[in-house]
Amino acid sequence: MRSLLLEAINKIAKRIKKSKKKRKLKKKYYAGWLSLPSLRLEAIQRRIISKRRKTKHRKREPEEKYYADWSSLPQGVLEMIAEKLSLIDCLSISKVCRSWNIVLGEELPCWQRHGFPWLLVSGQQNKEVRTCISILENRVWELELPEAHGKYCWGSFRDWLIMVKDLDSFHLEVNLLNLFSRSQISLPSVWNFYHKMVLSGLPSENNFVCMLLHSQYRELAFWVPGARLWHKHKLTGDPFEDAVFFNGCFYLLGDGFNLWQIDIKNIHSNITEGYGDFGTSKIEMQFHEVKRPEMFQLQEGMILQSQDDYEILRYLVESRGQLLLICRYFSSKQDVLLETLKIEVYSLDCCDSSWKKVKDLGDQMIFLGKCCSVSFSAKEIGVGIRNSIYFSNDPPAPWWNEWDSDHLKGISARLGFSKTEGRHWGIFRLDNKNGEPFRFHGDIDNWAYTWFTAPSWWCCRNIPMIGRN
């Protein structure tokens, strides 16, 4: 017990000695201050106070800080994030840092999206720079395309353009041009009397089929990669207005709302078996008699009094796994040209073999055109304009082409029309609850603009970046 008490007493004594030494040092330290000048003393006091504040602040904060390094996020994780976002949101996050912009600015194999709908301005065949309009972003782009100099745009398939050069008023030079990769595919020359070309898929896939069609003469022509000639196929019966590729087949729309179906497997087999040696192929076609839909009912207060006052342009469009028939009603009066009055949509009911009227397109936006039509998802793009149809200033006759209509330029001035009334494109919404009459006056001095798709990877790569990581 004594030993324990002695140890405790010694410890207490040592602590007392240490405390006394500290007090003496403090007294000497503070005593030394009195000999300093007053200004120097104040400066020392400020330093001591600032040091005390810093030490208190450090005690409150954690010892180590962790900042998120977004640029080091794995590419696979970024791709998963991009899959959950709309295209507009992907454009926004591509501005976070340079590494994200690089990843999103590449063609990701898992990113199978259409892109953004744009318009290619017509009447610029003699220019190396083509003007494009981004409808949803309200931007105008100037794209350098020296490959398109001297050529007209005949249509598109996503980001590929169908370019045509008028050789001698009888022959056409045709090639496919990618606006963004600048890839080109040359096709055999063709007679100048077809009015539309339809593609079955992307030209980069190497197994696509090109189909030419002429309405009045009911003649088709097919081309596959590697073929030397266009393989012709003549039809009998009524003329047809439009065609589209849908579910592995070409569908042709007849004048009486009936359909003809051609399987592309049959096209490939006929051409590869040697039927194309003389430029004529034996194509099997299936005929589908479809019931005529209930057509446009005239509303009260409209100027039209009879069916003779309007005509119809018909389009076939593939949308969300459905085959749609879109009817565009325009005035047939001589003093008004291309005045669109109404648009109605019908879907093909295969079971009933009839056209059923569509009152709501849901999430879809349809971009309608003579040369090409395409459907987009408003949710996927990230815009709120759903259940609507965007259309360009199409000519009333489906067999007209731009290179055959140069003599029509300036026709509005010759007819006394005011050019300020004409427009290049318009929007028709199916949910017109007020029932207001719809009027769209096209600009008859300019050929119809062409819809095409600007890929999302190109938009991400070319937008200005904020971050520099």
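Helices (H or I, at least four residues) and strands (E, at least two) are runs assigned by DSSP and numbered from the N terminus. Keep that in mind as you select things on this tour.

**Before you start**

You are looking at a predicted model, in which local features need pLDDT of at least 70 and side-chain atom pairs count only at pLDDT 80 or more, while totals for chains, interfaces and linings use all residues. Residues are numbered from 1 along each chain as its sequence is written, and side-chain values use heavy atoms, with hydrogens and water left out.

**Stop 1: the whole protein**

Show everything as a cartoon. You will find nine helices and 26 strands.

Of the 469 residues, 46% are buried. Buried means under 20% relative accessible area, exposed means over 50%, and partly exposed is in between (1.4 Å probe, protein chains only). A contact means heavy atoms within 4.5 Å. Among contacts with a separation of 6 or more, 56% are between residues 24 or more positions apart.

**Stop 2: an open sheet**

Select β1, β2, β3 and β26. These four strands form an open sheet in the order β3-β2-β1-β26, with antiparallel pairing. Two strands count as paired if DSSP finds at least two bridges between them. Which strands stand at the edges? They are β3 and β26 (450–454), each with a single partner strand, so one side of each has no neighbour in the sheet. From one strand to the next, the twist averages 35°. For such angles, axes are lines fitted to C-alpha atoms (for helices, over the stretch in contact), and values run from 0 to 180 degrees between N-to-C directions.

Zoom in on β2 (residues 129–134) and β3 (residues 139–144), an antiparallel pair with six bridges. Click Arg130 and look across to Leu143, its bridge partner in β3. Four residues separate the two strands of this hairpin, and Asn138 there takes a positive phi near 60°.

Next, move to β1 (residues 116–120), which pairs with β2 in the antiparallel sense over three bridges. Leu120 stands opposite Cys132 in β2. As you look along a strand, remember that in a regular strand the side chains alternate between the two faces of the sheet.

**Stop 3: Lys232**

Select Lys232, in strand β12 (residues 231–234). Lys232 is partly exposed, at 32% relative accessible area.

**Stop 4**

Go to strand β17 (residues 310–319) and pick Arg314. Is Arg314 buried or exposed? With a relative accessible area of 12%, Arg314 is buried. Its side chain makes a polar contact of 2.6 Å with the side chain of Glu241. A polar contact is a pair of N or O atoms within 3.5 Å; within protein, one must be able to donate a hydrogen and the other to accept it, and residues adjacent in sequence count only if both atoms are side-chain atoms. Leaving aside neighbours within four places in sequence, the contacts of Arg314 include Asp242, Leu253, Phe257 and Cys327.

**Stop 5: salt bridges**

A salt bridge is a side-chain nitrogen of Lys or Arg within 4 Å of a carboxyl oxygen of Asp or Glu. How many are there by this rule? The count comes to eight.

Select Arg328 and Asp394, whose closest N and O atoms are 3.7 Å apart in a salt bridge. Arg328 lies in strand β18 (residues 322–331) and Asp394 in the loop between β23 and α8 (411–415), so the pair ties together parts that are 66 residues apart in sequence. Arg328 is buried at 1% relative accessible area, and Asp394 is also buried at 1%.

Then find Lys356 and Asp352, which meet in a salt bridge of 3.2 Å, N to O. Lys356 is partly exposed at 36%, and Asp352 is partly exposed at 32%.

**Last stop: Ser388**

Finish in strand β23 (residues 388–392) with Ser388. Ser388 is buried, at 0% relative accessibility. Not counting residues up to four places away in sequence, Ser388 touches several residues, including Leu361, Met365, Ile427 and Arg429.
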